[in-house]
Amino acid sequence: MTSNSEAAEGTWVRGMTEEVLVVPPLAVAVVAAVLGALFGGAVLALRIYAAMTRGVCTSAASMRGKTVLVTGANSGIGKETAKEMARRGARVLMACRNQETAEKARAEVLATAGEGASVEVVPLDLSSLESVRACAKRVLQSERRLDVLVHNAGYANTFARKLSADGHELTMATNHLGPFLLTHLLIDLLKRSKPARVVVVASELYRLARLDPATPLRPRALPAYLYYVSKLANVHFTLELARRLEGSGVTANCLHPGMIDSGIWRNVPFPLNLPVKLIAKGFFKTPEQGAQTSIFCAVSEELEGVSGKYYLDCKEHGLSAAASDAAVAKKLWEKSEELVGLKEGDPRI
Ligand SMILES: NC(=O)c1ccc[n+]([C@@H]2O[C@H](COP(=O)([O-])OP(=O)(O)OC[C@H]3O[C@@H](n4cnc5c(N)ncnc54)[C@H](OP(=O)(O)O)[C@@H]3O)[C@@H](O)[C@H]2O)c1
């Protein structure tokens with residue numbers, strides 16, 4: 001007979017050549033039940049979250065006569081945002097780093113928008129300060145107006161740490177420093193086109209981050225955590241930008257698009273990527289659904305003159321106390337000015 005403690009802990013049995021752990025069926029059943037309950041709970045929570053985060057932009061506002069620049073418009077929610085801007089009559093600048101996928105996406109955007117649509121691809125690698133400057137120069141040379149600047153492009157890595165061409169941590173360089181510099185270089189054009197809007201695609205994951213504005217590049221943190229920090233930087237940047245642009249006719253708002261089945265998960269390594277893919281396909285929003293809040297922030301009449309807000313599912317949403325800390329935002333702004341190397345003659349905000 002087996003004692004109670006053996007039933008719970010299993011018994012080591014010496015076989016012909018090795019020791020084998022014989023696990024009692026009761027223990028297997030208990031572990032299976034607990035795992036099943038946890039998995040079932042997680043699936044249920046995801047289903048509820050997905051069902052509750054399907055806000056749709058109901059504004060029918062036309063964008064005819066307006067110019068909209070969308071970064072990272074070759075895939076995911078950026079491509080869907082570009083399609084919708086073109087469909088509403090805007091001239092669309094798709095600022096992308098991969099010219100091959102950008103041209104394919106441009107063809108899709110043109111097909112959706114129909115005849116007469118004006119859609120251009122502008123090369124932009126946000127992780128390179130030189131590329132950001134080249135992109136801004138090209139836009140300033142070719143465009144007479146810029147009504148909406150959508151900072152959509154984003155990069156995330158789970159474990160791999162990389163540096164940008166300028167020697168900055170790649171996640172913060174792409175998600176914060178590039179957009180920071182691009183906004184500076186285009187700000188005068190935005191002001192001349194007023195009322196104009198800056199829309200920043202952040203993420204609810206900002207809530208998991210802490211940011212020291214003196215060392216925003218946090219070289220020792222895990223890359224996955226750096227993504228959260230970069231999204232917190234997006235929120236600080238938007239709020240500080242809104243404060244600095246008060247009375248200029250240019251507004252700045254940020255948003256969380258929801259959890260979306262898009263390319264943002266592409267750097268999750270094997271085998272972690274398998275459950276992530278399964279969950280994304282089964283429960284996350286499509287890129288078209290995910291683009292709704294970006295579209296809302298870019299076009300909605302309700303947001304005329306509204307600045308410094310955070311949106312989720314096409315509705316205003318509260319921010320954490322840490323993200324609303326104006327002193328941190330100001331310090332981050334000043335540190336970012338230093339990191340992007342603003343030159344004499346560059347516009348200041
Ligand atoms: N998916 C989600 O669940 C989720 C949730 C919260 C927030 N977001 C945010 O939503 C935004 C859009 O992401 P997505 O979900 O649509 O993912 P996505 O399909 O991966 O799109 C990201 C876009 O950013 C571009 N990009 C990345 N690095 C770049 C660089 N250095 N220079 C220029 N463009 C660059 C990508 O271009 P390539 O094709 O060349 O890589 C791609 O077009 C991101 O800011 C992301 O942080 C997404």
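Reply: In helix α6, residues T171, M172, N175, H176, F180 and T183 meet P223, L226, Y227, V229, S230, A233, N234, F237 and L241 of helix α7; two residues are in contact if their C-beta atoms, placed from the backbone, lie within 7 Å. By class, this contact of α6 with α7 has nine nonpolar, six polar and no charged residues. Here Ala, Val, Leu, Ile, Met, Phe, Trp, Tyr, Cys and Pro count as nonpolar, Asp, Glu, Lys and Arg as charged, and the others, Gly among them, as polar.

The model is predicted: local features need pLDDT of at least 70, side-chain atom pairs count only at pLDDT 80 or more, and totals for chains, interfaces and linings use all residues. Residues are numbered from 1 along each chain as its sequence is written.

Helix α6 spans residues 170–192 and helix α7 residues 223–244; their axes come within 7 Å and cross at roughly 20°. Axes are lines fitted to C-alpha atoms over the stretch in contact, with angles from 0 to 180 degrees between N-to-C directions. The two helices are therefore roughly parallel, a term for angles under 35 degrees. Helices are DSSP runs (H or I, at least four residues), numbered from the N terminus.

Of the 29 residues around the ligand, G72, G76, G154, S262 and G263 come nearest; a residue is near if its C-beta atom, placed from the backbone, lies within 6 Å. The shell divides into 11 nonpolar, 16 polar and two charged residues.

How values were computed. Angles under 35 degrees count as roughly parallel, over 145 as roughly antiparallel, 65 to 115 as roughly perpendicular and the rest as oblique.
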